[in-house]
Amino acid sequence: MSQAALAATPAATPPTAPRKPLTQWELWGRLLVLPYLLVFVVFVVYPVGYGLWLARHPESYVQLFDDPIFFRTAINTVIFLVVAINLKMVIALGLSGFFVQGRWWIRILSAIFILPWAVPSIPTILSVRFMLNPEWGVINTTIFNLTGLDGPNWLNDPTLALSFSMLMHVWKSLPFWTLILLAGRLAIPTEQYEAASVDGATRWQKFRFITWPAMRGLYLTSTILSMIWTLGDFNSVYLLTGGGPADLTHVLATLGIRYLRLDQVDLAMASIVVALPMVLPLVYFMMKRLSK
């Protein structure tokens, strides 16, 4: 047979092997996964899909952009992210260098330091709101007892109210990020610091040439993850200020509640959808860094 004839002859396909039946463990594994898939579909896929369906009308975004509160909310969100996250991460980086020391009293102090993150958010923030009450709050009462003067109306000033919301967010989440960066410091071999001390390096030189190069990736990853979580931080603003005064301290995480109170569900969903262009790039960079 010629080579052309051989080339034209179709190659015989090997017979496919019969599919193996599922083992008992594989069958039980699939059965046990089904409840989690059902919960995921009911409480994640369905609410997200229904919210996107409600926000599908273009006129909802026209009304949203015509609302001056929305642009004030967008500005508040950017300020909240830039100020709160950088302040939180810089302080956490500094405190991780303090708590890395092995003295006994520092270990006791670290256990006390973690309490703000461990206790529930609702009673903690409401307690701070009680303290900031201008008439019978603890802070203004103390100011009056010491000076005979009335204290500021803390939560009725938009700048002060938003500032306290950011401070509350920083205070509440600071212990967690301090522990994350502390774990990064503990992973650095002590031999590098000992060798640097022998060479006469200062503390700043040790941080610049040993600590920071080793922790730079962790710090950046933590900052991106913190931005994602901060965009969804509802408690720090809503429980402390309620978005007031005059809806001037809302962020994107709380703006939807304002529209729900006004019975404008489509605008509430649209206010959430417009936050996706900020969240999705952060999630992409986060997953890209974790994949490395």
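How many salt bridges does the structure hold? I looked this up before anything else.

**Basis.** I am working from a predicted model, in which local features need pLDDT of at least 70 and side-chain atom pairs count only at pLDDT 80 or more, while totals for chains, interfaces and linings use all residues. Residues are numbered from 1 along each chain as its sequence is written, and side-chain values use heavy atoms, with hydrogens and water left out.

**Salt bridges.** I took a salt bridge to be a side-chain nitrogen of Lys or Arg within 4 Å of a carboxyl oxygen of Asp or Glu. The structure holds two of them. In one, the side chains of Arg258 and Asp67 meet at 2.8 Å, N to O. I noted that this pair links distant parts of the chain: Arg258 belongs to helix H13, Asp67 to the loop between helix H3 (58-66) and helix H4 (68-99), and 191 residues separate them. Helices here are DSSP runs of H or I with at least four residues, and strands are runs of E with at least two, numbered from the N terminus.

I then checked burial, where buried means under 20% relative accessible area, exposed over 50%, and partly exposed in between (1.4 Å probe, protein chains only). Arg258 and Asp67 are both buried. For Arg258 the relative accessible area is 15%.

Another salt bridge joins the side chains of Asp247 and Arg258, at 3.0 Å from N to O. Asp247 is partly exposed, at 25% relative accessibility. I recorded Asp67, Asp247 and Arg258 as linked in a network of salt bridges.

**The loop between H12 and H13.** Most residues other than glycine have a negative phi, and most peptide bonds are trans. The peptide bond from Gly244 to Pro245 is cis, with omega near 5°. Pro245 lies in the loop between helix H12 (235-241) and helix H13 (252-261). I found Ala246 in the loop between H12 and H13 as well, and its phi is positive, near 55°. Ala246 counts as exposed, at 64% relative accessibility. Asp247 is not a glycine either, yet has a positive phi of about 60°.

**Arg185.** Arg185 is in helix H9 (residues 158-186). I did find its side chain reaching the backbone oxygen of Leu93 at 3.2 Å; a polar contact is a pair of N or O atoms within 3.5 Å, where, within protein, one must be able to donate a hydrogen and the other to accept it, and residues adjacent in sequence count only if both atoms are side-chain atoms. With contact meaning heavy atoms within 4.5 Å, Arg185 touches Leu93, Ser96, Gly97, Val100, Phe207, Thr211 and Met215, not counting residues up to four places away in sequence.

**Aromatic rings.** I counted rings of Phe, Tyr and Trp (its six-membered ring) as paired if their centres lie within 6.5 Å, with planes under 30 degrees apart as stacked, over 60 as edge-to-face and the rest as tilted. The structure holds 18 aromatic pairs. Phe70 and Phe71 form an edge-to-face pair, because their ring centres are 5.5 Å apart and their planes stand at 75°. Phe70 is buried at 8% relative accessibility, whereas Phe71 is partly exposed at 45%.

Phe207, already noted as touching Arg185, pairs with Trp212 in a tilted arrangement, 6.4 Å centre to centre with 35° between the planes. Phe207 is partly exposed at 23%, and Trp212 is partly exposed at 27%. I also listed one aromatic cluster formed by Phe98, Phe99, Trp105 and Phe113.

Lastly, I checked charges over rings, meaning NZ of Lys or CZ of Arg within 6 Å of the ring centre and within 35 degrees of the ring normal. The charged end of Arg56 sits over the ring of Trp53, 4.0 Å from its centre.
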